[in-house]
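Dear colleague,

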Amino acid sequence: MTDATAPAFQGYATKGYRAYVLGALLVVYTFNFIDRVVIGIIQEPIKAEFGLSDFQLGLLGGPAFAILYTLLGIPIARFAERHNRMTILAVCLGLWSAMTAACGFAINYATLFAARVGVSIGEAGCTPPANSVISDYFPSDRRASALSIYALGIPIGSMIAAVGGGWIATHVGWREAFIWLGVPGVLLAVIVKLTVKEPPRATAKAEAPSFVSAVAALAKKPTFWHVAFGSALASFVGYGVGQYLTSFMIRTHGFSLFEAATIIGVVLGLCAAIGTFTSGFLADRISKRHPNALAWLPALGFFIATPLYLLSFVLPNIWIAMPALMIAAIAHYFYLGPMYAVTQGVVEARMRATAVAVLLFVVNLIGYGMGPPVIGALSDFLANGQLASAGLTTEACATLTGNASCTAAVEVGLRWAMMIGVCGYLWAALHFLLSARTLRRDWVA
């Protein structure tokens, strides 16, 4: 899938320095996800203090973050096509870290919502420039592995947010969890700016194409759009169901906040890391023999994950359900490395940051923007149905602390909402399979 007449690009700088750069960007992306998902880990005490519904929690986890994160990603990426990407990344890292700490000073739902919006503004400037930099450091035959390592920031960040956020919220308070996890990112921003060099672009002498030209080029790449929509559906399920996993463990299996967060963070975080890295590693190793591996590996993961997630949600004993939950977590993350690798591979070098921004626009608008509130609203709806059948209302349950019918309704509503949600992985698998039809034709380098 590469041009045999072009000189082989061996990568910029030494192997050791490339490894350092990739490691530094992995740490940045890890902080990105710590600050992004910690609210889902500690949302039960927030729900109790501010008297929130699952839908309101979903708005904090979804639209409060996703709207500006999605809209600003493209203009920031366009800016990154012409200016120093590492400066942009460092400034944005400092901003989102400071706003994460600001969440800890919220006095009500509105101020917490506003601080989450601030986090989203900073995080919009992370992945497009980071992906572009990685692609200029690494040759195409190492890119899927490099981007999969970068994507490990998702499970590692989620794991740290779960264990660290859960411990701090349990032993100190939920406000301190935001502050303690946010402040270190400001220091990291300074370190990254001082130590990571801006690489020369693969087409340094060429002007970056206009946004219209970049989108026009993407419009001719059906592979990109199938991968984008498949990833958006996977993100819808991942963010939507994922935000409530800790709550599910607390409501259904009776764990404390720290116990639930530790299980989600350590066990499922490690499984997600294995799945994320394995997909990119396998794709790089087998693509010469199986050129469409970047398409069918994610689909295979979704087909494996869906029935296993359903099984794990209905089994009454979490320890019996855990093997199914672990394998499902490994399999469903097979899409992350290939998602970025395909996006980088179907466009010219000066379009890469823009291509990633367009990808994230689609993925986060559908996935992050809609997933958490839809699952939350569905949970409330199903819980209200259970209450109605028992002759109760949510208002009545607010005054009936410990009422068995109220507790059961909330648990059943969330369980069924999550089970309905994970079926979206099958739709995502279809889009990845369809991308295989045009992958080789659309590939650039």
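**Cavities and helix contacts**

The lining of the second largest cavity is made up of six nonpolar and three polar residues, with no charged residue among them. Please keep in mind, as you read on, that this is a predicted model. The residues that line the second largest cavity are Y69, T70, G73, A124, P128, A357, L360, F361 and N364, and the volume they surround is about 40 Å³. Two helices, α4 (63-82) and α18 (352-389), each supply at least two residues of this lining, and α18 gives the most to it, with four residues.

With the rule used here, the count comes to two cavities of 30 Å³ or more. The largest cavity has a volume of about 720 Å³, and 46 residues line it, of which S158, G238, Y239, G242 and Y333 lie nearest its centre. Sorted by class, the lining of the largest cavity holds 32 nonpolar, twelve polar and two charged residues.

The crossing in which α1 passes α6 is left-handed. On the α1 side the contact is formed by N32, D35, R36 and I39, which meet R116, V119 and E123 in α6. Among the residues of the contact of α1 with α6, four are charged, two are nonpolar and one is polar.

Helix α1 also takes part in a second pair, with helix α8 (residues 140-151), and here the axes come within 8 Å and cross at roughly 35°. In this contact L22, L25, L26 and Y29 of α1 meet A146, I149, Y150 and A151 of α8. Which classes of residue make up the contact of α1 with α8? There are eight nonpolar residues in that contact, and no polar and no charged ones.

The remaining pair joins α8 with helix α7 (residues 127-137), and the axes of α7 and α8 come within 10 Å and cross at roughly 145°. The crossing of these two helices, α7 and α8, is right-handed. From α7 the residues T127, A130, N131, I134 and S135 take part in the contact, and from α8 the residues R143, A146, L147 and Y150. By class, the contact of α7 with α8 contains five nonpolar residues, three polar residues and one charged residue.

With kind regards

How values were computed: Residues numbered from 1 in each chain as written. Predicted model: local features only at pLDDT ≥ 70, side-chain atom pairs only at ≥ 80, totals over all residues. Heavy atoms only, no water. Left-handed = near helix turned anticlockwise from the far one by under 90°. Contact = heavy atoms within 4.5 Å. Nonpolar A, V, L, I, M, F, W, Y, C, P; charged D, E, K, R; others polar. 1 Å grid on protein atoms, 1.4 Å probe; cavity = no way out; pocket = protein on both sides within 12 Å on 5 of 7 lines; lining within 4 Å. Points joined across faces, edges and corners; volume = space filled by probe spheres on them. Axes fitted to C-alpha atoms, helices over the stretch in contact; angles between N-to-C directions.
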